[in-house]
Amino acid sequence: MKILVLHGPNLNLFGRREPHIYGTTTLDQINQQLESLAKELGCELAITQSNHEGDLVDFMHAHIDSAQGGLVNPAGLTQHGVPLHDAIKAMPFPTLEVHMSNIAARESWRAHSIISPAVKGTIQGLGVQSYLCALRGLVEIIKSSTK
């Protein structure tokens with residue numbers, strides 16, 4: 001089972017960017033935790049981070065026939081990423097939206113996600129655990145859909 005993990009713009013700065021909101025865990029550390037959990041769950045991850053929306057869209061397109069699921073933290077594309085929204089909807093597999101912070105409890109403009117209508121569900125506000133919970137949940141969703 002192959003799962004895509006997409007990290008959006010500025011997430012390469014995790015660990016340095018607003019640690020009072022996102023914590024001090026780096027993106028590499030998040031990816032290492034995801035890889036470790038994936039091994040435990042018996043799945044393979046294809047991980048990317050880009051500050052450019054088109055790169056994220058291209059990544060999804062490149063894996064359209066080989067992936068069974070996706071996790072996406074759209075970051076700054078949450079409110080305005082129409083091409084990313086459309087790419088997620090075009091995928092034949094379930095995708096979950098992930099946020100380290102609770103976007104509904106932050107600035108009012110952050111509360112609306114145009115990505116949410118394109119995904120199976122959203123996990124947010126749990127820090128690094130948002131990613132880990134999302135991976136566990138997505139694996140179960142995929143397994144239950146293939147029974």
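Biologist: Why is cysteine 43 called buried?

Modeller: Cysteine 43 has a relative accessible area of 11%. With a 1.4 Å probe and protein chains only, buried means under 20% relative accessible area, exposed means over 50%, and partly exposed is in between. Cysteine 43 is therefore buried, at 11%. The model is predicted, and local features need pLDDT of at least 70, side-chain atom pairs count only at pLDDT 80 or more, and totals for chains, interfaces and linings use all residues. Residues are numbered from 1 along each chain as its sequence is written, and side-chain values use heavy atoms, with hydrogens and water left out.

Biologist: What makes cysteine 133 partly exposed?

Modeller: Cysteine 133 has 33% relative accessibility, and therefore counts as partly exposed.

Biologist: How many disulfides does a search of the whole structure find?

Modeller: The search finds zero disulfides. Cysteine 43 is in none, and the nearest cysteine sulfur, in cysteine 133, is 14 Å away. A disulfide is a covalent bond between the sulfur atoms of two cysteines, and here the term requires a pair of cysteine sulfur atoms within 2.5 Å.

Biologist: What makes glutamine 79 buried?

Modeller: Its relative accessibility is 11%, so glutamine 79 counts as buried. Glutamine 79 is in the loop between strand 3 and helix 4. Not counting residues up to four places away in sequence, glutamine 79 touches Trp109, Arg110, His112 and Ile114. Isoleucine 114 is 35 residues from glutamine 79 along the chain, yet their C-alpha atoms are separated by 5.5 Å.

Biologist: Why is alanine 75 called buried, and where is it found?

Modeller: Alanine 75 has 16% relative accessibility, and so it counts as buried. Alanine 75 is in the loop between strand 3 and helix 4. Its phi is positive, about 50 degrees, although alanine 75 is not a glycine.

Biologist: What makes asparagine 10 partly exposed?

Modeller: At 39% relative accessibility, asparagine 10 therefore counts as partly exposed. Asparagine 10 is in the loop between strand 1 (2-7) and helix 1. The phi of asparagine 10 is near 70 degrees, a positive value in a residue other than glycine.

Biologist: Why is isoleucine 103 called buried?

Modeller: Its relative accessible area is 9%, so isoleucine 103 is buried. Isoleucine 103 is in the loop between strand 4 and strand 5 (121-124). Leaving aside neighbours within four places in sequence, isoleucine 103 is in contact with Thr78, Arg110, Ala111, Ser113 and Gln124.

Biologist: What makes threonine 26 partly exposed?

Modeller: Threonine 26 has a relative accessible area of 29%, and is therefore partly exposed. Threonine 26 is in the loop between helix 1 and helix 2 (27-41). Leaving aside its neighbours within four places in sequence, threonine 26 is in contact with Phe14 and Gly15.

Biologist: Which residues lie nearest the centre of the largest pocket?

Modeller: Arg17, Tyr22, Ala75, Gly76 and Arg110 do, among the 19 residues that line the largest pocket. The lining divides into eight nonpolar, eight polar and three charged residues. Ala, Val, Leu, Ile, Met, Phe, Trp, Tyr, Cys and Pro count as nonpolar, Asp, Glu, Lys and Arg as charged, and the others, Gly among them, as polar. On a 1 Å grid over the protein atoms alone, a pocket is an open set of points with protein on both sides within 12 Å along at least five of seven lines, and lining residues have an atom within 4 Å of a point.

Note on methods
On a 1 Å grid over the protein atoms alone, a cavity is a set of points where a 1.4 Å probe fits but cannot get out, and a pocket is an open set with protein on both sides within 12 Å along at least five of seven lines; lining residues have an atom within 4 Å of a point. Helices (H or I, at least four residues) and strands (E, at least two) are DSSP runs, numbered from the N terminus. Contact means heavy atoms within 4.5 Å.
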